[in-house]
Amino acid sequence: MPPSYDPSNPSTPSDRRRAFRLLFICLMVTGIGNSMLFAILPPLARDLGVAEAWIGGIYTISALLFLIMSPIWGALSDQYGRRPILIFGLAAFALSTLVFAAAALAGQMGWAPPLIAIFGMAAARTLFGGFGSATNPSAQAYVADRTTPEERTEALANLTAAFGLGGVVGPALAAAFVERVGIAPFMVGTSVLVACAAIAVRLMLPEKTPPKRQMRPINPVAQLGFALDKRIAPFFAYGCGLWLVQAISLQAIGFYVMDRMNLTPAEGLQLAGVALTAGAGALIFAQLVVIPAMKASPRALMWTGAALTVVASIEMVFAANYAAIVFGYMLNSFAFGLARSGFVGGASLSVTPEEQGRAAGSTTATAGLGFLVAPVAGLWLYQAVGPATPYMLNAVLAAGCTALAFLHPGIRSVTLIAKPHAEPRGPI
């Protein structure tokens, strides 16, 4: 039996289907809360009169903690179970959204100077990065526990597509309702949705497999060190590169649309929201339609996704109008949908059942590293050199990831693990 499949869970297949649907909804809600910030923050910064670098600082603080804490939460889920860690992460995310709403309201109403409001928003994202980061690795590990190697890449693609679906809904809702109700009430409503998701997990998510009480040291150095394990190191390196590309694209798109089209902040919110929604839709199409149809190995998804990212980045550099910007961003998001599913599935297939939480934490941490570096690599270049420069950097990074996926022997060896005849699907 393949080493990364654990059939000991005694729940029924119908339990598993209900559990996966609930996880899909929960990650979709968190995707709404996270993605709306990429539509809200650039025009909010212009409205408050603060430089892009301050917004980059908000992303950086959150990303640093996300990078450090994701592997720790993954390891804790190995010890104490997936459900408790998932509930904790959702509750922390809901609280952080409330804090962000209060800081934004204080800045807009003049109750606090703009920089104090920015510090309040940074504190909110610190709460998210440190504690809200528990959600994704525990959810990924929950699915990995309950799927065979042949099922896993597609199952994890479906799960991560939920976050992408939230990425469609979040910017669209922001564009539709922020002007009508204001940023703070809109974010309070989002916080309530996430809190409801936490309650639903507490009441309805089954977890009948006992936690594997492995008393590993729970500290950042030990957990991040697992990412250097030769089995998952190439997937971690690839994920860092692709997440850096994605983070640069997300952080720059709002400013890029406003500056290329000479728009006001209010107009930029509307058109950037449309671009973000279109991109998230392309990502979902890749994960829910294309990947199941392709039945491709993790390696094939990785090099195909990275190669398409090169093309998308070049398109963004030379985009002459709004339609070209939207097309380039959609292609970039589609490619990322393929690539992310490939490296997440490949890392999961490379480790044992007892290490699924740690593997999920390591692959989740790649997002934190991407968003940590992106303000320096992306927004600083945007200000210092020009709007197209971040996308030139993206093309170079994606080309390197293409070569890594195509040539690295560790990635090729995991492709071989997924080839044997499928084991019968065990109970959840």
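Is Arg231 buried, exposed or partly exposed? Select Arg231 and find out: at 27% relative accessibility, Arg231 counts as partly exposed (buried means under 20% relative accessible area, exposed over 50%, partly exposed in between, with a 1.4 Å probe and protein chains only).

A quick word before moving on. You're looking at a predicted model, where local features need pLDDT of at least 70, side-chain atom pairs count only at pLDDT 80 or more, and totals for chains, interfaces and linings use all residues. Residues are numbered from 1 along each chain as its sequence is written, and side-chain values use heavy atoms, with hydrogens and water left out.

**Stop 1**

Searching the whole structure turns up 4 salt bridges.

**Stop 2: the network**

Now select Asp78, Arg82, Asp145 and Arg146, which salt bridges link into a network. Zoom in on Arg82 and Asp145: their closest N and O atoms sit 2.8 Å apart in a salt bridge. Arg82 belongs to helix α3 (residues 82-109) and Asp145 to helix α5 (residues 135-145), so this pair ties together parts that are 63 residues apart in sequence. (Helices, H or I with at least four residues, are DSSP runs numbered from the N terminus.)

Arg82 is buried, with a relative accessible area of 4%, and Asp145 counts as buried at 13%. Next, click on Arg146, which also forms a salt bridge with Asp145, the closest N and O atoms being 3.6 Å apart. Arg146 is buried as well.

**Stop 3: the largest pocket**

Select Phe20, Thr147, Glu154, Ala155 and Asn158: of the 14 residues lining the largest pocket, these lie nearest its centre. (A pocket is an open set of points on a 1 Å grid over the protein atoms alone, where a 1.4 Å probe fits, with protein on both sides within 12 Å along at least five of seven lines; lining residues have an atom within 4 Å of a point.)

Color α1 (13-48) and α6 (149-181), the elements that give two or more residues to this lining. Which one gives the largest share? That's α6, with 6 residues.

Finally, color the lining by type: 5 nonpolar, 2 polar and 7 charged (Asp, Glu, Lys and Arg count as charged, Ala, Val, Leu, Ile, Met, Phe, Trp, Tyr, Cys and Pro as nonpolar, and the others, Gly among them, as polar).

Methods: A salt bridge is a side-chain nitrogen of Lys or Arg within 4 Å of a carboxyl oxygen of Asp or Glu.
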